[in-house]
Amino acid sequence: GPVLGIESSCDETAAAVLAPDGAVLAEAVFSQTEDHARFGGVVPELAARAHLLHLPGLVAGVMGRAGLLPRDLGGVAATSGPGLIGGLIVGASYGKGIAMANGLPFVAVNHLEAHALTPRLPGLLPGGAAFPYLLLLLSGGHCQCVAVEGLGRYRRLGTTLDDAVGEAFDKAAKLLGLPWPGGPHLERLAKEGDASRVPLPRPLLGRQGCDFSFSGLKTAVAQAVAKGTAAPADIAAAFQASVAAVVADRARHALAMAPGATALVVSGGVAANSAVREALACVAAGAGLPLVAPPVRLCTDNAVMVAWAGIERLRAGLTDPWDHAPRPRWPLDELAAP
Ligand code: ATP
Ligand code: MG
Ligand code: FE
C-alpha cells in the first residue's frame with residue numbers, strides 16, 4: 001500500500017503520501033521561516049511547538065487528498081534524525097502512533113539519506129539515478145560530498161571544516177543587511193553586481209580532497225563591508241562567484257574520489273542558486289556525466305523524499321522498532337543496509 005512520510009527535523013513541517021511505485025498522491029509543506037525570521041535563525045523550542053501545532057492538520061490534509069484512510073497505508077516513514085531533537089520527537093512519535101494504531105510497519109528515516117535518495121524518485125530522471133552516484137548536499141545545516149553506493153551505503157568523501165554553505169550565504173547576507181534566510185536575497189542582489197570589483201578568497205580551491213571551508217570568506221566579506229568602498233551588490237556578486245568556484249572545484253575532486261559514479265547530484269536549499277548550478281553543470285559536462293538537480297521543492301526539506309526513503313527501505317525489508325529513539329546526530333555512515 002501507499003506510504004505516509006513525515007518531516008520535522010528543522011523548520012519545515014511536511015507530510016506526503018506516495019504510491020508504492022513512488023507516484024506522489026499528495027504532499028504538503030508548512031515552512032516556519034516567518035516564525036523564526038525575527039530571531040534571525042531557527043529557535044528550536046519554537047520549532048518543536050510549531051511542528052506539534054501543524055503536523056496533525058498536514059497529515060489529515062494529505063490523507064484526505066489522497067483519498068486514503070490510515071488502514072489503507074502500507075507503512076509510515078518519519079524523519080528520526082539528524083536534526084533538532086524537539087521536532088524529531090514530535091514527527092517520529094506522531095508517525096509511530098499512526099503506524100502502531102493501524103498495524104503498519106514504521107521506518108525511522110535518516111534525513112540525509114532522504115536527501116541522498118531523492119534523485120531515485122521515479123519521473124525525475126529517465127530510469128531514475130542508478131547507484132553509484134556522487135551527491136553534493138548543500139544546505140543550511142549540511143555541506144558534504146557523499147558517494148552513494150547503494151541503499152544504506154554511503155561514503156562521506158568530504159565535509160565542511162566550519163560553516164555549511166547555506167549558513168555562509170545567510171551570514172554574508174546578514175553582513176550585507178539582507179533579511180534571514182539570506183541566500184535567495186543575496187542571489188537577487190548579486191545579479192546587479194560585478195564580481196570582478198571585489199577580490200575575495202576562494203578557500204581550499206585546488207587543495208587535495210573535497211572538504212569545504214567558508215569562515216575565511218565570511219571574514220573577508222565582513223572586512224569589505226566595513227571598509228565601505230565597495231557597492232553591496234558587487235560584494236554579493238563576488239561572494240557568490242567565490243562560493244560557486246569553490247563548490248565546482250570540490251565537486252571535481254569528489255568525482256575523482258568516486259570512480260564509477262553515473263551522475264553528479266546536487267541537493268539542499270543552495271541547489272536553488274543558479275550560479276552554483278551553472279558551475280556544477282560545467283563540472284558534470286567535463287566529466288561526461290549528467291547533472292541531476294531535483295526541482296527546488298524537492299531540494300529543500302520536504303516529506304516526499306522521506307516517504308520515498310521509506311518505500312526504498314520497506315522494499316528491502318528494513319523497518320524499525322517502536323523504541324527507535326530519534327537521533328539529533330546521525331551520520332550517514334551509521335545506517336542499516338540490506
Ligand atoms: P537542513 O540542512 O537540515 O536540510 P535547512 O533548512 O537549513 O536544513 P534547506 O531548507 O535545504 O536547509 O536550505 C536552506 C538554506 O538554503 C538556507 O541557508 C538558504 O539561505 C539557502 N538558500 C536557499 N535558496 C538559495 C539561493 N537561491 N541561493 C543561495 N542559498 C540559498
Ligand atoms: Mg529549512
Ligand atoms: Fe534538509
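**View 1. Leu-204 sits in the loop between H6 and helix H7 (215–227).** Helices (H or I, at least four residues) and strands (E, at least two) are DSSP runs, numbered from the N terminus. This is a predicted model, in which local features need pLDDT of at least 70, side-chain atom pairs count only at pLDDT 80 or more, and totals for chains, interfaces and linings use all residues. Residues are numbered from 1 along each chain as its sequence is written, while chains are lettered from A and ligands numbered from 1 in the order in which they are written. Most residues other than glycine have a negative phi. Leu-204 is not a glycine, yet its phi is positive, about 70°. Is Leu-204 buried or exposed? Leu-204 counts as buried, because it has 21 C-beta neighbours inside 10 Å. (Buried takes 20 or more other C-beta atoms within 10 Å of the residue's own, exposed 12 or fewer, and partly exposed falls in between; C-beta atoms are placed from the backbone.)

**View 2. Two peptide bonds, at Pro-82 and at Pro-132, are cis.** Most peptide bonds are trans. Gly-81 and Pro-82 are joined by a cis bond with omega of about -15°. Pro-82 belongs to the loop between strand S4 (75–81) and helix H3 (85–101). Phe-131 and Pro-132 are joined by a cis bond too, with omega of about -10°. Pro-132 belongs to the loop between helix H4 (111–117) and S6.

**View 3. Five strands form an open sheet in the order S3-S2-S1-S4-S5.** The pairing is mixed. (Two strands pair if DSSP finds at least two bridges between them.) Strand S3 (24–31) and strand S5 (106–110) are the edge strands, each pairing on one side only. From one strand to the next, the twist averages 15°. (Axes are lines fitted to C-alpha atoms, for helices over the stretch in contact; angles run from 0 to 180 degrees between N-to-C directions.) Strand S1 (residues 3–7) and strand S2 (residues 12–18) run antiparallel, joined by five bridges. Look for Ile-6: its bridge partner in S2 is Ala-15. Helix H2 (residues 44–66) packs on the sheet and touches S1, S2 and S3. The direction of H2 makes about 20° with that of S2. Helix H11 (residues 304–315) lies across S1, S2, S3, S4 and S5, at about 130° to S1. (Residues are in contact if their C-beta atoms, placed from the backbone, lie within 7 Å.)

**View 4. An open sheet of five strands has the order S8-S7-S6-S9-S10.** Its pairing is mixed. Strand S8 (153–159) and strand S10 (291–292) each have a single partner strand, so one side of each lacks a neighbour in the sheet. How do strand S6 (residues 133–138) and strand S9 (residues 264–267) pair, in the parallel or the antiparallel sense? S6 and S9 pair in the parallel sense, over four bridges. Leu-136 has Val-266 as its bridge partner in S9. Helix H9 (residues 274–287) lies across S9 and S10, and runs at about 165° to S9.

**View 5. Thr-159 is a residue of strand S8.** Thr-159 counts as partly exposed, because it has 16 C-beta neighbours inside 10 Å. Leaving out residues up to four places away in sequence, Thr-159 touches Cys-143, Gln-144 and Asp-211. The C-alpha atoms of Thr-159 and Phe-212 are 5.9 Å apart, although 53 residues separate the two along the chain.

**View 6. Ser-139 and Gly-140 lie in the loop between S6 and S7.** An unreviewed UniProt entry lists both under "binding site", with other positions including Asp-170, Glu-187 and Asn-273. (UniProt positions are given in the numbering used here, feature names are shortened, and annotations may be inferred rather than shown by experiment.) Ser-139 counts as buried, because it has 24 C-beta neighbours inside 10 Å. Gly-140 counts as buried, because it has 24 C-beta neighbours inside 10 Å. Beyond four places in sequence, Ser-139 touches Ala-164, Gly-166, Gly-268, Gly-269 and Val-270. With that limit, the contacts of Gly-140 are Ala-164, Gly-166, Glu-167, Asp-170, Pro-181 and Gly-269.

Key
Contact = placed C-beta atoms within 7 Å.
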